Amino acid sequence: SRMYRDAELDRGVIALTLRRGDVERMRLVDSQQVVVPLPQVSPLEYRRSITLPSGEHRLRIEAVDPAVRQANGRAHIVVDLPPLRGAGVALSDLLLARRRGAPAPTMRVLADANIDALAGTRVSPRDTFALYMEAYALRPDLAGNVQIDVEVAVTLLEMQRKGDAVTRWFGNVADLVGLTPEGDQQLGMRYSRVERLEGRDRVPLLVTLSLGEAPIGRYKLEVRIRDQTAKTSARTSREFIISPP
């Protein structure tokens, strides 16, 4: 909507490009053109899955419609992929998403989760969202099963204060899906699962969360998993924001 705010057109054509590499030498990874009916009110989603080796990678995404002066945008991100050390279970970054439908009975890759990634890290009050992650280097038992304990914690870091909103939030956990009080300004959930490894190099995990009456503010999501067979554990975290629509 911002890119085409002053354009008197019934459609636009956005050229999308994805590049990676050093600042001085960005190599083209993907390019495509997307026709956009106008006026455009919903976000335009771009997805591209790429496989990268361990190390630091700089990515740049550009969106340009050469027919409209202000229809251009650019984003940079640096992704640091650590090597798997082989000393036990490892956990991917956390992806916030919306569910499109039921996941595959045995998830092998992200596409099997049947989700759409959230744009950014903002969710709306009383919103329901999915949390996706992948566990690597799990050790199967003699029957070929992996046994995983999962702990999810949501911590309030900063909020827009209005009276005793925090007290009301933690006191009314009936509005929360699967979460219970874990201490001051924190909610959490725990569960275990056993499933066949079936030749997979990872086990995708999908959790649905709803924060009910959680106040507007900044939060931290932390996930810890434990491989019950190998007796090793891993954890990861990310921040997100609850803000008005």
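Hi everyone, let's start with one side chain: Tyr-219 has a relative accessibility of 0%, so Tyr-219 counts as buried. Keep in mind that we are looking at a predicted model.

Who else is hidden away here? Phe-240 is at 1% relative accessibility, and therefore Phe-240 counts as buried.

Now for the rings. A pair of aromatic rings is described by the distance of the centres and the angle of the planes. The count for this model comes to 2 aromatic pairs. One of them joins Tyr-219 and Phe-240, with 5.5 Å centre to centre and 15° between the planes, and that pair is stacked.

In soluble globular proteins, nonpolar side chains tend to be buried together. The largest nonpolar core in our model has 33 residues, and among those with the most contacts inside it are Phe-129, Val-223 and Phe-240. Two or more residues each come from β9 (128-136), β10 (145-159), β13 (202-210), β14 and β15. Which element gives the largest share of this core? That is β10, with 7 residues.

If you click on Val-223, look beyond its sequence neighbours up to four places away: Val-223 touches Leu-91, Leu-94, Leu-131 and Met-133, among others, and its contacts also include Glu-151 and Arg-235.

Finally, there is a second, separate core of 10 residues, including Ile-14, Leu-16, Val-34 and Leu-38.

Key
Residues numbered from 1 in each chain as written. Predicted model: local features only at pLDDT ≥ 70, side-chain atom pairs only at ≥ 80, totals over all residues. Heavy atoms only, no water. Phe/Tyr/Trp six-rings, centres within 6.5 Å; stacked < 30°, edge-to-face > 60°. Buried < 20%, exposed > 50% of the residue type's maximum accessible area, 1.4 Å probe, protein only. Core = buried A, V, L, I, M, F, W, Y, C linked by side-chain atoms within 4.5 Å. Helix = DSSP H or I, 4+ residues; strand = E, 2+ residues; numbered from the N terminus. Contact = heavy atoms within 4.5 Å.
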